[in-house]
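Subject: Structure handover

Hello,

Here is the structure I said I would pass on. Please open it beside this email and follow along as you read.

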Amino acid sequence: MIAKMFLKKKKLILMDLDGTIFPWEWGADYTVPGYFENLQIIHSMKLLVDILRNDKRYVFKFCTAYTSEQAKKEKIVSLIRNFPGLSLDEIIFVPYGESKYDYVKNLLDKKYSVCLIDDYSHNLFDFKSKGGNAIKAMNGVNGTKGTWTGASIDVYANPSKNLRYIENYF
Ligand SMILES: [Mg+2]
């Protein structure tokens, strides 16, 4: 029994940013300086992240694509504004277009089971096909094609409801 407890994998949660904890705006020009720095966090997701970061059952990291060094810097500023004391190793930056799973698999090293929470089905399908768990973040503007029929949370829902869903799923 004790041996089994030690062998139990830690649960790693990877949280996307754009469209997941920050609202998604179709057609927005994200190359404008200040775009990522000025995004207002979705309050219910900020609360959910606060809970997950403090929950000893989980290791929590943000996992986000970036297209430029400027975007990367601005995302860091936004995150630290919303999560004072956040350490940079809690943020995984994935070059735009690359697989989030491939980018983190070296970190998994068999000691974590992992779950991605993301608004983009392409990332979720990729993650699941490679052996990860995946929950779609429904943000009010995605999910129109209905291609993802797996687990999902509503980013505007009560954080304790979303936490219960994550606990049951992962
Ligand atoms: Mg996203």
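Cys115 lies in strand S4. The model is a predicted one, and every value below was computed from it. Is Cys115 buried or exposed? Within 10 Å there are 21 other C-beta atoms, and the cut-off for a buried residue is 20 or more, so Cys115 counts as buried. Leaving aside residues up to four places away in sequence, Cys115 touches Ile13, Gly132, Asn133, Ala134, Ile135 and Phe170. Cys115 and Tyr169 are 54 residues apart along the chain, and their C-alpha atoms are separated by 9.6 Å.

Pro33 is found in the loop between strand S1 (10-15) and helix H2. Pro33 has 10 other C-beta atoms within 10 Å; a residue with 12 or fewer is exposed, so Pro33 is exposed. Pro33 and Ser87 are also 54 residues apart along the chain, but 24 Å separates their C-alpha atoms.

Next, helix H5. Which residues of H5 (residues 121-129) are buried? They are Asn123, Leu124 and Phe127. Looking down the axis of H5, you will find these buried residues within an arc of 100°, so they line one face of the helix. The general rule is that an α-helix has 3.6 residues a turn, so residues three or four places apart point the same way. The buried residues of H5 are covered by, among others, helix H4 (100-108), strand S4 (112-118) and strand S5 (133-138). His122 and Ser129 are exposed, and they sit on the face of H5 turned away from its buried side. After H5 comes Gly131, with a positive phi near 105°.

Last, a pair of helices. In general, two packed helices are described by the angle between their axes and the distance between the axes. For helix H2 (residues 43-54) and helix H6 (residues 159-169), the angle is about 50° and the axes are 9 Å apart. H2 and H6 are therefore oblique to each other, and their crossing is right-handed. Which residues make the contact? H2 supplies Ser44, Leu47, Leu48 and Ile51, while H6 supplies Pro159, Asn162 and Leu163. Of the residues in this contact between H2 and H6, five are nonpolar, two are polar and none is charged.

Regards

Note on methods
Residues are numbered from 1 along each chain as its sequence is written. This is a predicted model: local features need pLDDT of at least 70, side-chain atom pairs count only at pLDDT 80 or more; totals for chains, interfaces and linings use all residues. Helices (H or I, at least four residues) and strands (E, at least two) are DSSP runs, numbered from the N terminus. The arc is that of the directions from the helix axis to the C-beta atoms. Two residues are in contact if their C-beta atoms, placed from the backbone, lie within 7 Å. Axes are lines fitted to C-alpha atoms, for helices over the stretch in contact, and angles run from 0 to 180 degrees between N-to-C directions. Angles under 35 degrees count as roughly parallel, over 145 as roughly antiparallel, 65 to 115 as roughly perpendicular and the rest as oblique. A crossing is left-handed if the near helix is turned anticlockwise from the far one by less than a right angle, and right-handed if clockwise. Ala, Val, Leu, Ile, Met, Phe, Trp, Tyr, Cys and Pro count as nonpolar, Asp, Glu, Lys and Arg as charged, and the others, Gly among them, as polar.
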